[in-house]
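Hi,

Here is the structure I promised to pass on to you. Have a look at it first, and then read my notes below.

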Amino acid sequence: AVAPGIAPATAPRVQTVSEDSSRSGASKASATAAAELSRAKQKTKQAVNLEAAKQTAKRVAERASSASRSPPALTTFTAFERSFHALWKGGKGGASPAELAECLRQLPASSAESLCGFVGDCMTEETLSGLLLATERSMLPESAAEGAALLCHLRTVRRFDMLWMFVGTKEKAAVGAVLSAAQAQQPEPAAAAAIAAAAKKYGVKG
């Protein structure tokens, strides 16, 4: 028999074990949830890093592809001629207008003097014809002013007058189209005067 006023000794122990078990279960559940959250964050971070790496690789590949399509820097007019005729092929090549324009931009055409010095005495009838026709094909309509500037400088190269005597109606039509398109853009007075002078030299309307 239990003496009056004395509680059973085992009762508090049962309650303590139950509470400890509950706390232990809650702690384990919290730890599991934290671990799952950490893993989820890690996966998200890895996915973001992977996507960033893909985008970087894509940009690098695009730059490399663009560089491989761009013509190399040319230091002589003979080298330019080889590069140009490989694209132009008498007007029957498969080069796009953008590729032709990029090739033409290899010419140092910032001034008539720089172009004359680069060309020297090497301009030929075939090359002049190709340059005139390629300028129309590649520069119109967006880059008419740039094309007109090139034509203005081309008329100053050595032996131009003699070479111009052998060009046909297609070349003259191409020159007229480029100069007219540039003049229609209402350029600055100095540029407009240069275009008018070039049109007179070529014998076309501009």
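Starting from the N terminus, the elements of the chain run α-α-α-α-α-α-α-α-α. That gives nine helices and zero strands; both are DSSP runs numbered from the N terminus, with at least four residues (H or I) for a helix and at least two (E) for a strand.

Before going further, a bit of housekeeping. This is a predicted model, where local features need pLDDT of at least 70 and side-chain atom pairs count only at pLDDT 80 or more, while totals for chains, interfaces and linings use all residues. Residues are numbered from 1 along each chain as its sequence is written, and side-chain values use heavy atoms, with hydrogens and water left out.

Now the inside. Of the chain's 206 residues, 29% count as buried (under 20% relative accessible area; exposed is over 50% and partly exposed is in between, with a 1.4 Å probe and protein chains only). The largest nonpolar core has 42 residues, and Phe80, Leu154, Leu179 and Tyr202 have the most contacts inside it. Such a core is a set of buried Ala, Val, Leu, Ile, Met, Phe, Trp, Tyr and Cys residues joined through side-chain atoms within 4.5 Å.

Eight of its eleven residues are buried, so helix 6 is largely enclosed by the rest of the structure. Among the buried ones are Gly147, Leu150 and His153. The cover over the buried residues of helix 6 includes helix 3, helix 4, helix 5, helix 7, helix 8 and helix 9.

How do helix 6 and helix 9 pack? Their angle is about 55 degrees, and their axes are 9 Å apart (axes are lines fitted to C-alpha atoms, for helices over the stretch in contact, and angles run from 0 to 180 degrees between N-to-C directions). That makes helix 6 oblique to helix 9, since angles under 35 degrees count as roughly parallel, over 145 as roughly antiparallel, 65 to 115 as roughly perpendicular and the rest as oblique. On the helix 6 side, Ala148, Leu151, Cys152 and Leu154 meet Ala194, Ile195, Ala198 and Tyr202 of helix 9.

Lastly, His153 in helix 6 is buried, with a relative accessible area of 15%. Leaving aside neighbours within four places in sequence, His153 is in contact (heavy atoms within 4.5 Å) with Ala109, Ser110, Ser111, Ala112 and Leu115.

Cheers
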